[in-house]
Amino acid sequence: MTTSLPCDAQSRRVAVYSGTFDPVTLGHEDVIRRAAGLFDELIVAVAVAHHKKTLFTLEQRIAQVSEVFADLPGLRVLPFDGLMVDFCRQQGACAVVRGIRNVADFDYEAQMAAMNQKMAPEVETVFLLPQPQLQCISSTLVREIAKLGGDVSQMVSPVVGEHLRVATLAI
């Protein structure tokens with residue numbers, strides 16, 4: 001008897017791409033748009049991020065991601081807290097998408113993928129590299145540059161750039 005995995009040819013292919021997205025960068029955007037083309041549905045899971053002090057609230061981050069990707073059919077933006085494998089099961093997802101910018105990202109993400117595989121063997125991890133010109137961008141660096149008054153227009157969408165400008169004026 002063969003069993004059907006969630007990402008088999010007969011099933012709707014749902015994937016999850018999670019992150020803090022504080023803010024969502026052009027690197028995130030590149031990975032999300034490409035992943036959206038690979039799956040029937042992509043869920044962008046915006047992490048609550050208890051362990052980080054974020055510039056934007058969870059609600060603001062969800063709103064920004066929703067605004068940036070309003071043109072993408074088959075994309076949902078949801079809040080996320082807890083284990084990724086539990087979230088995937090709740091959403092009927094067969095895959096986790098992870099963006100990898102460098103070797104340090106790969107080391108961390110490979111370890112997470114192996115642990116997720118142990119806990120939920122039915123959920124695959126798919127690694128995508130952002131376009132080379134976007135690989136140096138991180139949310140942490142974007143926040144820092146914006147706080148210091150630098151130009152982040154080549155790192156975030158205009159929508160997110162405006163949110164950053166307003167947020168950093170308040171600091």
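This is a predicted model: local features need pLDDT of at least 70, side-chain atom pairs count only at pLDDT 80 or more; totals for chains, interfaces and linings use all residues.
**Helix α6**

I started with α6, where the buried residues are Val 160, Leu 164, Ala 167 and Thr 168. Buried here means under 20% relative accessible area, exposed means over 50%, and partly exposed is in between, with a 1.4 Å probe and protein chains only. Seen down the axis of α6, these buried residues fall within an arc of 90°, so they line one face of the helix. The arc is taken over the directions from the helix axis to the C-beta atoms.

Numbering runs from 1 along each chain as its sequence is written, and side-chain values use heavy atoms, with hydrogens and water left out.

Back to α6: residues 158-169 make 12 residues, reaching 16 Å from the first C-alpha to the last, close to the 16 Å expected at 1.5 Å a residue. The expected span is 1.5 Å times one less than the number of residues. Helices (H or I, at least four residues) and strands (E, at least two) are DSSP runs, numbered from the N terminus. On the other side of α6, I found Pro 158 and Leu 169 exposed. What do the buried residues of α6 pack against? They pack against α2 (58-68) and α5 (139-147), contact being heavy atoms within 4.5 Å.

**Helix α2**

I then looked at α2 itself, where Leu 58, Arg 61, Ile 62, Gln 64, Val 65 and Val 68 are buried. Down the axis of α2 they fall within an arc of 165°, so they too line one face of their helix. Their packing partners are α1, β2, β3 and α6.

**Salt bridges**

My search of the whole structure gave 11 salt bridges, each a side-chain nitrogen of Lys or Arg within 4 Å of a carboxyl oxygen of Asp or Glu.

I checked Glu 41 with Arg 12, and their closest N and O atoms are 3.9 Å apart. Glu 41 lies in strand β2 (residues 41-47) and Arg 12 in the segment before β1 (14-19), so the pair ties together parts 29 residues apart in sequence. Glu 41 is buried, at 12% relative accessible area. Arg 12, Glu 41 and Arg 76 are linked in a salt-bridge network.

Next came Arg 143 and Asp 22, at 3.6 Å from N to O. Arg 143 is in helix α5 and Asp 22 in the loop between β1 and α1 (26-36), 121 residues apart. Buried or exposed? Both Arg 143 and Asp 22 are buried.

**The β1-α1 loop**

Asp 22 turned up again: a cis peptide bond joins Asp 22 and Pro 23, with omega about 5°. Pro 23 sits in the loop between β1 and α1, and I found Phe 21 in that loop as well. Phe 21 has a positive phi of about 55° although it is not a glycine. Phe 21 counts as buried, at 2% relative accessibility.
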